[in-house]
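Have the sequence and the coordinates open as you read.

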Amino acid sequence: MTDSHLLTRREALAAGTVALGAIMTQPLTAADKDLPFIDAHSHIWPPETDKFPLAPGQTKADLKPPSFTDDELMAIARPEGVGRVVLIQHSVYHLFDNSYLIDAVRRHPKMFRVQGMVDDHLPNPGAAMKKLLPQGVTGFRITPFVRKKEDQPKWLEAPGMIEMWKTGAETRQAMCLLINASDLAATDAMCERHPDTPVVIDHFARIGVDGEFRDSDIKALCRLARHKHTSVKVSAYYALGQKKPPHDELIPMIKRLLDCFGPQRLMWASDSPYQIQGVNNYKASISLVRDRMDFLSKQDLLNEQSLL
């Protein structure tokens with residue numbers, strides 16, 4: 001690696017968050033400095049399905065775990081130095097109803113920002129995006145997996161989806177893609193057509209979900225680095241490779257992404273609560289970047305550099 005791509009462990013955790021539309025704008029207070037890290041991707045949901053109704057076809061029995069509130073999340077995040085989180089709309093449980101995540105931002109405006117969802121098949125999705133921005137929704141989860149199988153090959157070509165990408169370029173709200181490696185070519189073409197739109201690839205584009213880290217897939221992901229507003233989440237270790245701690249098999253892919261994207265366009269994220277089930281845990285997720293990469297700088301994690 002060149003010197004320009006050597007990064008501190010703090011930078012690896014915190015740097016790339018600008019891609020989510022300046023998700024955290026307040027400077028760190030004295031109290032925050034003991035919790036300097038940002039988790040760029042976690043889901044939450046409440047057990048109260050009467051107050052926050054589930055999506056059609058979902059029942060309370062489908063919630064696994066039955067409850068994972070913002071308080072429950074922060075109870076496991078704070079001991080690892082995480083003080084702020086990007087909350088991700090659950091594309092199954094609540095689909096396009098962002099109410100609970102927005103409520104969390106209302107209650108904790110310095111702690112949370114939201115990656116929400118809007119329905120690009122309804123009229124005026126761009127207007128819906130703009131309406132959500134003052135409520136803390138600084139990015140949007142987009143994915144073919146919420147569409148019928150026959151519609152998935154051309155999901156990025158829908159008029160409403162194109163409107164969303166154009167709006168994102170204007171508002172700086174990021175398009176955050178939950179996709180497979182097979183979708184990277186179409187994503188690359190979309191980035192070409194919308195060069196000013198912030199784009200975030202969730203979970204390495206799920207490379208390694210079958211246990212294999214194919215060179216062709218990693219090259220396809222690295223190819224997106226030429227688009228200057230495109231970033232990647234270093235996340236969802238529980239679903240990739242050996243799918244258990246310490247997750248060291250992910251390190252070679254992370255090194256390659258660092259060489260291509262640089263630290264400013266990578267962001268660590270846990271993908272809780274899925275990262276805290278079975279043999280996996282929150283500490284193992286953050287520890288991979290914070291503690292286990294010996295090619296990263298050893299400078300003090302709690303230096304005076306402030307986060308966004």
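Proline 65 sits in the loop that runs between strand E1 (37-42) and helix H2 (70-77). Helices (H or I, at least four residues) and strands (E, at least two) are DSSP runs, numbered from the N terminus. The peptide bond joining lysine 64 and proline 65 is cis, with omega about 0 degrees.

This is a predicted model, in which local features need pLDDT of at least 70 and side-chain atom pairs count only at pLDDT 80 or more, while totals for chains, interfaces and linings use all residues. Residues are numbered from 1 along each chain as its sequence is written, and side-chain values use heavy atoms, with hydrogens and water left out.

**Backbone in the other loops**

Between strand E7 (230-234) and helix H8 (251-261) lies the loop that holds proline 246. Its peptide bond from proline 245 is cis, with omega near 10 degrees. Histidine 247 is also placed in the loop between E7 and H8, and it has a positive phi of about 70 degrees although it is not a glycine. Asparagine 124 has a positive phi too, of about 60 degrees, and is likewise not a glycine; its place is the loop between strand E3 (112-116) and helix H4 (125-132).

Is histidine 247 buried or exposed? It is buried, because its relative accessible area is 0%. Asparagine 124 is exposed, with a relative accessible area of 52%. Here buried means under 20% relative accessible area, exposed over 50%, and partly exposed in between (1.4 Å probe, protein chains only).

**Cysteines**

How many disulfides does a search of the whole structure find? The search finds 0, a disulfide being a pair of cysteine sulfur atoms within 2.5 Å. The sulfur of cysteine 222 has its closest cysteine sulfur in cysteine 260, at 3.1 Å, so the two are too far apart for a bond.

| Residue | Relative accessibility | Class |
|---|---|---|
| Cysteine 191 | 2% | buried |
| Cysteine 222 | 11% | buried |
| Tyrosine 282 | 3% | buried |

**Around tyrosine 282**

Tyrosine 282 belongs to helix H9 (residues 282-290). Leaving out residues up to four places away in sequence, tyrosine 282 touches Asp39, Leu73, Ile76, Ala77, Glu80, Val82, Trp268, Ser270, Ser272, Gln275 and Ile276; contact means heavy atoms within 4.5 Å. Tyrosine 282 and glutamate 80 are 202 residues apart along the chain, yet their C-alpha atoms are separated by 8.2 Å.

**The largest pocket**

The largest pocket holds about 300 Å³ of space. It is lined by 17 residues, and the closest to its centre are Arg141, Leu178, Tyr238, Asp271 and Tyr274. By class, the lining has 9 nonpolar, 5 polar and 3 charged residues. A pocket, on a 1 Å grid over the protein atoms alone, is an open set of points where a 1.4 Å probe fits, with protein on both sides within 12 Å along at least five of seven lines; lining residues have an atom within 4 Å of a point. Grid points are joined across faces, edges and corners, and the volume is the space filled by probe spheres set on them. Ala, Val, Leu, Ile, Met, Phe, Trp, Tyr, Cys and Pro count as nonpolar, Asp, Glu, Lys and Arg as charged, and the others, Gly among them, as polar.

**Confidence**

The protein chain has a mean pLDDT of 87, and 85% of its residues reach 70 or more; pLDDT is the predictor's confidence in each residue, from 0 to 100. Over residues 1-28 the pLDDT is below 50, and this stretch has 100 contacts in the model beyond near neighbours in sequence. Residues 298-308 also have pLDDT below 50, with 30 such contacts. Where pLDDT is low, the predicted coordinates should not be read in detail.
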